[in-house]
Amino acid sequence: MSGGAEFLARLGSPAGTQASGADWLARYGSSLLGVFGTPQRVLVRGSGCTVEDADGNTYLDLLGGIAVNTLGHAHPFVASVVSAQLATLGHVSNFFTSPTQIALAEKLLALAGAPDGSRVFFSNSGTEATEAAFKLARRNGSPTRTRILALDGAFHGRSMGALALTAKPAYREPFQPLPGGVEHLPFGDPEALLDAVDDTVAAVFLEPIQGEAGVRPLPPGYLRRARAATAEHGALLILDEVQTGIGRTGTWFAHQAEGIVPDAMTLAKGLGGGFPIGALMTYGPASGLLTAGQHGTTFGGNPVAGAAGLATLAVLEETGALDNARNLGELLRAGLAAVPGVVEARGAGLLVGFDLDGGYAPAAVQAALNAGFIINSTSERTLRLAPPLILTRPQADSFLEALPGILTTAQGAAS
């Protein structure tokens with residue numbers, strides 16, 4: 001049998017011809033379930049912050065697989081660690097454990113500054129981590145403590161429990177009835193939160209920054225008030241850091257900037273540097289709520305995922321990537337705010353949202369792609385950036401220089 005690289009190179013082209021992007025997309029449409037619509041491009045390789053499509057076009061990836069590729073593409077150290085682990089031991093099931101699973105849990109607890117008694121449950125995605133957190137919230141309930149609170153604009157995932165926490169009607173309505181007991185409060189309104197939290201609340205789910213809603217940070221002090229209210233009434237404070245965690249905002253976890261300690265936190269996306277992994281971290285007493293047999297997973301925390309997480313965290317620590325995210329994010333937001341057509345730029349670190357003066361954000365995504373930049377629109381007026389944390393100043397500047405022309409093209413296309 002041929003080697004791995006040769007095997008992959010032959011995909012779709014047994015006669016040695018190179019399949020085009022159009023060829024691949026035609027096959028995609030006849031073989032994959034159409035829940036994502038038609039993909040924008042067929043990507044075949046990447047290096048650092050750039051990717052290449054099947055037709056040989058290159059792009060600066062300013063979305064990072066939606067905040068996943070913290071170290072960009074094909075990072076040599078991560079690739080070597082993952083390859084070494086896969087060549088040693090790939091899967092063991094949850095009847096056993098492995099050194100990488102244990103070491104990664106210990107590392108995350110240390111980075112979080114979690115108190116004694118804190119624990120980690122590994123999953124394969126952010127949605128799965130949310131499902132575990134939802135069950136944790138139920139275990140904090142009682143016949144008189146049944147309510148779970150989330151916010152308008154929240155996105156916590158698409159499985160049924162996570163979807164109950166997610167606020168967007170278009171995601172929810174086709175699948176109702178959803179698990180009950182969830183209430184959505186006005187975004188960023190501390191008085192509404194304080195009015196709602198009482199002894200009937202089992203848990204409050206919050207994203208420090210709502211990514212899918214357009215990179216909306218909670219107001220300063222909101223998390224501290226939520227922490228005080230939940231602690232007073234015996235409710236869990238569960239933070240969804242799937243998008244904001246692992247250095248994305250310039251600190252390991254976004255809530256650390258507020259100086260609070262939650263009862264639980266969900267992670268995924270950037271944790272594996274591109275390899276699928278998620279986690280639920282439980283702090284102190286909350287770690288006793290889920291006991292043996294009450295939750296599980298076959299693939300979660302497998303040796304390869306653990307190795308990917310450890311390698312990613314090691315590189316982030318050793319290269320000063322969090323400082324880069326913080327400093328470059330400030331420069332990027334300032335540069336965006338000065339571009340004609342941009343009315344607001346916000347976020348933290350390298351999680352950036354910016355609003356336009358009209359409803360042409362989807363057209364701007366296409367114009368940016370044609371110009372060699374991958375970005376994302378979260379609404380008709382809002383664009384989002386979540387590039388690798390290794391993005392350089394010249395790369396950021398290249399986008400800022402191109403953006404006025406991109407927006408002009410988009411306005412013309414949308415009119």
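## Strand E14 and its partners

In this predicted model, strand E14 and strand E17, the latter covering residues 382-385, pair in the antiparallel sense over four bridges. Within that pairing, the bridge partner of Val-352 in E17 is Leu-385. Strand E14 also pairs with strand E13 (residues 342-348), to which six bridges join it, and these two strands likewise run antiparallel. Here Val-342 stands opposite Leu-356 in E14. The hairpin formed by E13 and E14 has two residues between the strands, and Gly-349 in this hairpin takes a positive phi near 55 degrees.

Strand E14 itself, made of residues 351-356, is mostly covered, with six of its six residues buried. In a regular strand the side chains alternate between the two faces of the sheet. In E14, Leu-351, Gly-353 and Asp-355 point one way, whereas Val-352, Phe-354 and Leu-356 point the other way, and all are buried.

## The nonpolar cores

The largest nonpolar core holds 62 residues, and those that touch the most other members are Leu-108, Leu-336, Phe-354, Leu-385, Phe-399 and Leu-403. Leaving aside residues up to four places away in sequence, Leu-403 touches Leu-336, Val-339, Val-342 and Phe-354. Another core lies apart from the largest one and has 22 residues, including Ile-148, Phe-155, Tyr-171 and Ala-264.

## Helices H12 and H14

Helix H12 (residues 321-337) packs with helix H14 (residues 393-414) at an angle of about 10 degrees, and their axes are 10 Å apart. Because of that angle, H12 counts as roughly parallel to H14. On the side of H12 the contact is made by Leu-328, Leu-331, Leu-332, Gly-335 and Leu-336, and on the side of H14 by Arg-393, Ala-396, Phe-399, Leu-400 and Leu-403. These contact residues divide into eight nonpolar, one polar and one charged.

## A four-stranded open sheet

Elsewhere in the model, four strands form an open sheet with mixed pairing, in the order E1-E2-E3-E15. Strand E1 (43-47) and strand E15 (373-374) are the edge strands, each of them pairing on one side only. Strand E3, covering residues 58-61, pairs with E15 in the parallel sense over two bridges, and Asp-61 stands opposite Ile-374 in E15.

Methods:
Residues numbered from 1 in each chain as written. Predicted model: local features only at pLDDT ≥ 70, side-chain atom pairs only at ≥ 80, totals over all residues. Heavy atoms only, no water. Axes fitted to C-alpha atoms, helices over the stretch in contact; angles between N-to-C directions. Parallel < 35°, antiparallel > 145°, perpendicular 65-115°, else oblique. Contact = heavy atoms within 4.5 Å. Nonpolar A, V, L, I, M, F, W, Y, C, P; charged D, E, K, R; others polar. Core = buried A, V, L, I, M, F, W, Y, C linked by side-chain atoms within 4.5 Å. Buried < 20%, exposed > 50% of the residue type's maximum accessible area, 1.4 Å probe, protein only. Pairing = 2+ DSSP bridges.
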